[in-house]
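Trainee: I am new to this structure. Could you walk me through the terms used for it?

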Amino acid sequence: MPQAPHREFAYRKVYRYIEALIDQSPPGQRQRLPSLRGLASRLRVSLGTVQHAYNLLEEAGRVERLPRSGYFVHSASSSEVALTPRQPPVFEPSLFELNLHNHERRLARQRLRAMGWGQDPGSVRLRQALAERYTHSSSRYWCARDVHVAPDLTALLDTVWAALELKHAAVVVHSPCCWQLLQALARTGVPVLEVPVDTRGDLNLYALTCLLESEPVGLVVLPSCLSTPQGRLVTSAGQQQLGHLLSRYRVWVLESDLDSELCHAGPPVIRQRDWVDVRQLLVVGGFEAVLGPEAPYAYVLGPTGALTRGFCERAFRLPPLRMQALACMLDKGEVDAQWARLRQALQRRTRTLARVLALRFGPQLQLRLPDGGGLLWARLRQPVHWDSISKALAGTPLHAMPGKHFSLHGRFQHHLALGWTGDDPVELQIAVDRLAQVAGHP
């Protein structure tokens, strides 16, 4: 019987356990895998931990999720699985996760116990900390009751959609769109409409107006300040025009605050939410980008009773010590300190990567230094042959995702999102040379 390393994180243990089940399944058959609740009970872990492990396996092409049916072993061959694009690269080691566990051990020694959903000390303290973090004036403030936490982004969006009773409505996103957000929306099964952005990163207002007039739009998703994957800062004028336009329609506005802290110069003071009517505003954020996959939790702020009822009905069982540890890290400034370190590292890496790519490809590759994030949005003159690129970059610190994965309609066939996770310029140069060879630039 295989034994997990003592200090291995919970989601990794669950991941390896499910992998073992997959390896034991009969070849060529669609084998059903344990349910979320069944596996959480069997392994004595939280639902969020199991959900995150399944999400990683789904992104790796090893399992597939069927609506209302559960998870099944993916029937693809091993070669097809090897070419399946992974999630965006993790740019920093997960050593910061150890701080999270240190707080948990300290809190466990204090013998704090949960007191029921929504009332356990961890949940209350985390929601208070998030409400304080997003309050900046007496006219625009948040309370703990306005904050709701879910195991991950997919579960959160699914709950929000059901709570707001938008069953027959569509959601509008900017295109290209943040990969994480787009995949989470796709898993909920809602119709997604895409609106292009211009060269400045601002949404095309004419195209958006046409959709609002002709389609049953119930929700518009907007970046807080950073348009990804391009890494462009949305202009203040663009934000103001969007807020004015959306105030004329009865739609919810969901501001994505998932990666705004990754602006290289620091997040701007004015965000999209400052130009939106608070009565139609929802703000979504998460911890995974800064704390790693051990904290996949997502949250939403919205002053509406419908959200409270929806999250009460779902009754997510979140680990109280983990929630309180996250609140401690927010209160002590540890999260902000990690954001600052991450911004500095990503800026250095994107600049180095852009310089190496420009020297190797010249005018054959179009790119622009991003204002934030860790990806370079690059355009090749020829359509991207993803299989060749995936094989060439396997095992290197240079990660690539095909542009078509940033659109549900298969757009951006000429684009790549590139990210460098290493520190050795020699290894980077070797990886870029491999990319150039398969892209037709020997």
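Mentor: We will take the terms one by one and test each against its definition.

Mentor: This is a predicted model, so local features need pLDDT of at least 70 and side-chain atom pairs pLDDT 80 or more, while totals for chains, interfaces and linings use all residues. Residues are numbered from 1 along each chain as its sequence is written, and side-chain values use heavy atoms, with hydrogens and water left out.

Trainee: How many helices and strands does the chain have?

Mentor: The chain has 16 helices and 15 strands. Helices (H or I, at least four residues) and strands (E, at least two) are DSSP runs, numbered from the N terminus.

Trainee: What makes a residue buried or exposed?

Mentor: Buried means under 20% relative accessible area, exposed over 50%, and partly exposed in between (1.4 Å probe, protein chains only). Of the 442 residues in the chain, 53% are buried.

Trainee: Why is helix α7 called largely enclosed?

Mentor: Helix α7 covers residues 153-163, and nine of its eleven residues are buried, so the rest of the structure largely encloses it. Among the buried ones are L153, L156, V160 and W161.

Trainee: What caps the N-terminal end of α7?

Mentor: D152 does. One of its side-chain oxygens lies 3.3 Å from the backbone nitrogen of T154. A polar contact is a pair of N or O atoms within 3.5 Å; within protein, one must be able to donate a hydrogen and the other to accept it, and residues adjacent in sequence count only if both atoms are side-chain atoms.

Trainee: Which class does A315 fall into, by its relative accessible area?

Mentor: A315 has 30%, so it is partly exposed. Its phi is also positive, near 45 degrees, and A315 is a residue other than glycine. A315 lies in the loop between α12 (305-314) and α13 (320-331).

Trainee: How do you know how many disulfides there are?

Mentor: A disulfide is a pair of cysteine sulfur atoms within 2.5 Å. By that rule the count is zero. C178 is in no disulfide, as the nearest cysteine sulfur, that of C177, is 5.9 Å away. C178 is buried, with a relative accessible area of 11%.

Trainee: What makes β3 and β11 a pair?

Mentor: Two strands pair if DSSP finds at least two bridges between them. Strand β3 (residues 147-150) and strand β11 (residues 298-301) have four bridges, in the antiparallel sense. V147 stands opposite L301 in β11.

Trainee: How do you know that both faces of β3 are covered?

Mentor: V147 and V149 on one side and H148 and A150 on the other are all buried.
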